Structure formats: C-alpha cells, structure tokens
Amino acid sequence: MSKRHEAKYKIDRRLGQNIWGRPKSPVNRREYGPGQHGQRRKGKPSDFGTQLRAKQKLKGYYGSISEKQFRRYYAEAIRLKGDSGENLVGLLERRLDAVIYRAKFVPTVFAARQFINHGHITVNGKRVNIASYQVKPGDVIAIKESSRQLAIVIESAALAERDVPDYIDADHTKSTATYTRTPTLSDVPYAVQMEPNLVIEFYSR
C-alpha cells in the first residue's frame, strides 16, 4: 500500500490551485508554492511542463494513487473505446474512495481511503476494504450500521461546501449510495479545471 508522506495542502500550494475547493486551503491566502523558494517559481511552462502539471493535478486530486497505479488507469483508458481522456476520468470516478467522497460520507478523499481500509464500507452488502475497488453502475455502497453514528460521517453529510453529483443517488438517512452511471468530464464537480487530455498526451510521448 502506498503512503503519502507530504501534507495534502502542499499539493494545493505546489500547483497554485485549491484543487478540492476547501475553505481552509492555504492557496486562499498564499498563491505561491511551498518552501523557501516558492515565491520565485514563475515563468511560462513548456508543453511537457503543462502536461506534467495536468497529470500531477489529476493524480493528486484522488489522494494516494501511486504513479504505477495511475499509469495502469492510463493503459486501461486508451484500451477502452471512445475518448481516452473521458475514459480516464470515468475510471477514477469509479474508485470506491472517490464514490464515498462524492456521496459525502467522508469530508476528504484522504479520509475516504482510511475509512474503507478500516472496514466501514460495504458494496452490495459485502464488506470491501480496497480503496481502488472499481464500482459498477447499479452497485449499492453503504456505511456499516455500527459506523453510521461516527462523528466524521455526521459532520461530512452536513458540509455545505460541495453537493452530491447526479450520477450518485445518496440517502444519508440510510447511509447508502447507489452509483447510477459512469460520469463524463463535464459531470464531475471538480473545483478546478482538469485536463485529462493533457494527461493522455503526457503518457503517450
């Protein structure tokens, strides 16, 4: 299992964007990167730099995805029919940790991974503790009954900073969510513009 050793808000500052749209992001106060030389990092990026930045932004958004795993998503995206960029986003949104984050069962994508690893989630009635598990349309995701009164669950459902997208049918009274369909890029409520086409170009070099 991969482990992120850097503070999640450093991702925001390194990219210069509040990628999760969170009120406490330091980018809201400081737009320059982290570290003593953060304010000097200016200049127009090359095509490679632009593609790399797009990859870091999309990969960072989904929390703790390793480079090896992210490359596998790329390989699957180009194998599937249709637009590879759209396919990549669809595969990422089918991750179980992404689904419970979208359903507002937890406040962050990082909390989602931990919540799943600790055995609080079931899919179609069976416990699943793998954050990268690929959910299919029609699957019913639920919080285990003994975990439904945890403070993190109650507080997350009340968060006003984001809404549940229409491809997830969430019922917070029952702590369940049905994944209704795989979304397109325009369906996904990213707080900043994502450019999966540039990610595909990065790996296609």
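Mentor: Happy to. Let us count two residues as in contact when heavy atoms of theirs lie within 4.5 Å. Keep in mind that this is a predicted model.

Our helix is α3, which runs over residues 67–79. It has 13 residues and reaches 18 Å from its first C-alpha to its last, close to the 18 Å expected at 1.5 Å a residue. Its buried residues are Gln69, Phe70, Tyr73, Tyr74 and Ala77. These five cover an arc of only 150° around the axis, which puts them on the same side of α3. Lys68 and Arg79, on the other side of the helix, are exposed. And what do the buried residues of α3 pack against? Their partners are α2 (47–61), α4 (84–93) and α8 (196–204).

Now look at Glu67, a residue of the range 67–79 that makes up α3. The side chain of Glu67 meets that of Lys59 in a salt bridge, at 3.7 Å from N to O. Are these two partners buried or exposed? Glu67 has 30% relative accessibility, so it counts as partly exposed. Lys59 has 17%, and because buried means under 20%, this lysine counts as buried. Salt bridges that share partners also bring in Lys55, so that Lys55, Lys59 and Glu67 form one network.

Arg95 and Asp97 meet at 2.8 Å, N to O. Arg95 is buried, with a relative accessible area of 0%, and Asp97 counts as buried at 4%.

From there, step to Leu96. Setting aside neighbours within four places in sequence, Leu96 is in contact with Ile116, Ile121, Val123, Val128, Ile130, Ala131, Tyr133, Val135 and Ile141. Leu96 is also among the residues that touch the most other members of the largest nonpolar core, together with Leu58, Ile100, Ile121 and Ile141. That core has 48 residues, and helix α6 (residues 109–117) gives the most to it, with six. At least three residues of the core come from each of domain 1 (9–34 + 43–92 + 190–204) and domain 2 (93–185). In soluble globular proteins, nonpolar side chains tend to be buried together.

Terms used:
Residues numbered from 1 in each chain as written. Predicted model: local features only at pLDDT ≥ 70, side-chain atom pairs only at ≥ 80, totals over all residues. Heavy atoms only, no water. Helix = DSSP H or I, 4+ residues; strand = E, 2+ residues; numbered from the N terminus. Expected span 1.5 Å × (residues − 1). Buried < 20%, exposed > 50% of the residue type's maximum accessible area, 1.4 Å probe, protein only. Arc of directions from axis to C-beta. Core = buried A, V, L, I, M, F, W, Y, C linked by side-chain atoms within 4.5 Å. Domains from an automatic or database assignment. Salt bridge = Lys/Arg side-chain N within 4 Å of Asp/Glu carboxyl O.
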